[in-house]
Amino acid sequence: MTEFKSDLLRLLSDRGYIHQVTDAAALDALATKQIVPAYIGFDPTAPSLHVGSLVQIMLLRRIQQSGHKPIVLMGGGTGKVGDPSFKDEARKLMTVETIEANIASIKTVFEPFLTFGDGPTDAVMVDNADWLDALEYLPFLRDYGQHFSVNRMLSFDSVKLRLDREQSLSFLEFNYMILQAYDFLELSRRHACRLQLGGSDQWGNIVNGIELSRRCDGTEVFGVTTPLITTADGGKMGKTMSGAVWLNPEQLSHYDYWQFWRNTDDRDVGRFLRLFTDLPLDEIARLEALEGAEINEAKKVLANEATAMCRGLAAAEEAAETARRTFEEGSAGDALPSHTASGDIAVVDALVALGLAASKGEARRLIKGGGARIDGEKVEDEAQIITATSSSLRISAGKKNHGILSFAQ
């Protein structure tokens, strides 16, 4: 492992964030001499970001923790185009009103993680629509198009994958990497930004921006990418049976967020503690060395720390207590997902309504596999109807996912 001199790269390296760096020695030297403004872009494709974006948010937190300046770039402009990176097909185009509403909602995600303000290391949030919306097509082509090689752009993995699969890549999407490169140039000019960070799939786009800044302004800027974060079983980070793990509480309950972390694979506990919590590394080493049933204590620590950071300490404590009552005492906690039925309801429909299955087909497979229970009793018949009752029922999908079914009186 490379020995870095700057607090910035040491912190990123020690916690497992670094996949590639464009010029590690020069960036390390710069970070020892001055505050380095660094940015990551987020496209507003939904009202919330999900756990798949959390490593990038934590990167910005690490930037600030090591004495540098985070820049959150909202893609109000690029969101009108859509990033083609490793997508099978083009994203559906959103209206301007939807983009603006999504940005307003996403902004609240960052507040628990970063300190915003006017100070030298305070975070700032900017929107690339401020400059992209004002561009004129012909002057932009003339001034910046000459710096991009189509041959080279076709070689980027994000584009090559679509072409190799013979899947359509529109000219609109092909422009995305040019706009992202221009973002870096604008942030360099407006905010003295010297570093772009992103996932490993953004390497080509980041390098494009570095070269554009050098050619247009002679400015030396840098890039750092993170490894692709997958779970130990090879799954995509943040994907569960019930769908995406959203960071906004309006789209996912505190309990479900806490439970996502509690359900971490044993093999991922240490890595996730380093990436997604502020616990000291020696304490993380102690926790990840636990074996057998004791590793569950480390998972609870991960769930508590990650939930407290995103949702607040009170939310973490409430979720932990709900889990304790549900699993240790067999009772139902108030924070479990709930659904109120107007009358008799099929078990299949109840599982879907509670978010314990993504579809009726998935619910039937769950029942067929013996994974569905009502108040601890296994459901044997996928056509079973739950009769309306005055008391609430605990519906379970497997050992770890539960919900509360009640009936309108």
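Ala38 stands opposite Leu195 in S5. Strands here are DSSP runs of E with at least two residues, helices are runs of H or I with at least four, and both are numbered from the N terminus. Two strands pair if DSSP finds at least two bridges between them.

Please note that this is a predicted model, in which local features need pLDDT of at least 70, side-chain atom pairs count only at pLDDT 80 or more, and totals for chains, interfaces and linings use all residues. Residues are numbered from 1 along each chain as its sequence is written, and side-chain values use heavy atoms, with hydrogens and water left out.

The whole sheet is open, with 6 strands in the order S1-S6-S5-S2-S3-S4 and mixed pairing. Strand S1 (20-21) and strand S4 (124-127) each have a single partner strand, so one side of each lacks a neighbour in the sheet.

I turn now to the helices. Helix H2 (residues 24-33) lies across S1, S5 and strand S6 (222-226), at about 105 degrees to S6. Such angles run from 0 to 180 degrees between N-to-C directions, with axes fitted to C-alpha atoms, for helices over the stretch in contact. Contact means heavy atoms within 4.5 Å.

Finally, which residues of helix H13 meet H15? They are Val269, Phe272, Leu273 and Phe276, and their partners in H15 include Ile295 and Leu302. The axes of H13 (residues 269-276) and H15 (residues 295-311) come within 10 Å and cross at roughly 20 degrees.
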